[in-house]
Amino acid sequence: MSAAEGAGRRLVRAGALAAALGAWQVLTAYDVNVWLRFEQFPTVGEVASAFADRVGTAAYWQDLGHSLRRIVTGFLLAAVLGVAAGTAIARSRWAADLLGPLVEVVRPIPAIALVPVAILLLPTNEQGIVFITCAAAFFPVLVSTRHAVRALSPVWEEAVLTLGGGRARVLWSVVLPGALPGVFGGLSVGIGVAWICVVSAEMISGEYGVGYRTWQDYTVVDYPGVFVGMATIGALGLLTSTLVERAGRYATSWLPRPAGRPAPPPPRAVRPAPASPDPAAGTGPGQEPAAVKEPVA
């Protein structure tokens, strides 16, 4: 992709965001009430003013730190456990028979429905929120890893075994590198689901965090504060998702990239050297025809 194309795409994205904010400002400033009721919505200016006030307080950054610590801890646990369990289920018949049915029974249960289980099992609310966050991200990572490992061609594994490699060498040299694109697909989904559940858990049983503060603002009818919390959650989600995707591109740099980059020019054809001119014909390959002499009178 050329620099001009990249700048054009960034301009389009910024324009789309500006258009959405402009529509929000117009609908709320004029109290539009056509099926959807915007008269109680705060305007963009009110939310921006509330955000400026919140950023200057220590409580805002404390909530930010609590939420980030919970999401990072839960997500990293889910990544390690999900990749390990997904690989084991895909590679081992025993693991598939022992863990597969349990995974399929528990997977449809929403992670936020595990709040009572976390309260009963774990001694503190902090550990319970991390547990719910881990459970939310665990299953997308597991399922993506399982499918990615099962989709690998057996040719590479057979080549390693033929060359004398063992099961550990196959795992580290073939299975995990080959499954990385699918694994990072699951991680990208998992980080988004983890944010949904960590905020919900903070609203239900947290003491600090962006979700907790957003719910407190709602209970005291501070709607600009509610939108500040929503904007903060969206920005944090964008940041963490971008980090996961960039880590995935770095880890799979050996993959072919999508079209858009200029293809290398084809090699120039080598023309054969011109042959010696034929005295009889007066011409040779690659030469201009000899001039025709006028007959002498």
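**Overview: the whole chain.** The protein has 10 helices and 2 strands, where helices (H or I, at least four residues) and strands (E, at least two) are DSSP runs numbered from the N terminus. Starting at the N terminus, the order of elements is α-β-β-α-α-α-α-α-α-α-α-α. This is a predicted model, so local features need pLDDT of at least 70 and side-chain atom pairs count only at pLDDT 80 or more, while totals for chains, interfaces and linings use all residues. Residues are numbered from 1 along each chain as its sequence is written, and side-chain values use heavy atoms, with hydrogens and water left out.

**View 1: the buried face of α9.** Helix α9 (residues 210-219) buries Val210, Gly211, Thr214 and Asp217; buried means under 20% relative accessible area, exposed over 50% and partly exposed in between, with a 1.4 Å probe and protein chains only. Look down the axis of α9 and its buried residues fall within an arc of 125 degrees, so they line one face of the helix; the arc is that of the directions from the helix axis to the C-beta atoms.

**View 2: what α9 packs against.** The partners of the buried α9 residues are α2 (44-55), α3 (58-91), α8 (167-205) and α10 (223-251), with contact meaning heavy atoms within 4.5 Å.

**View 3: Val221, just past the helix.** Val221 sits in the loop between α9 and α10. Its phi is positive, about 60 degrees. Val221 is exposed, at a relative accessible area of 53%.
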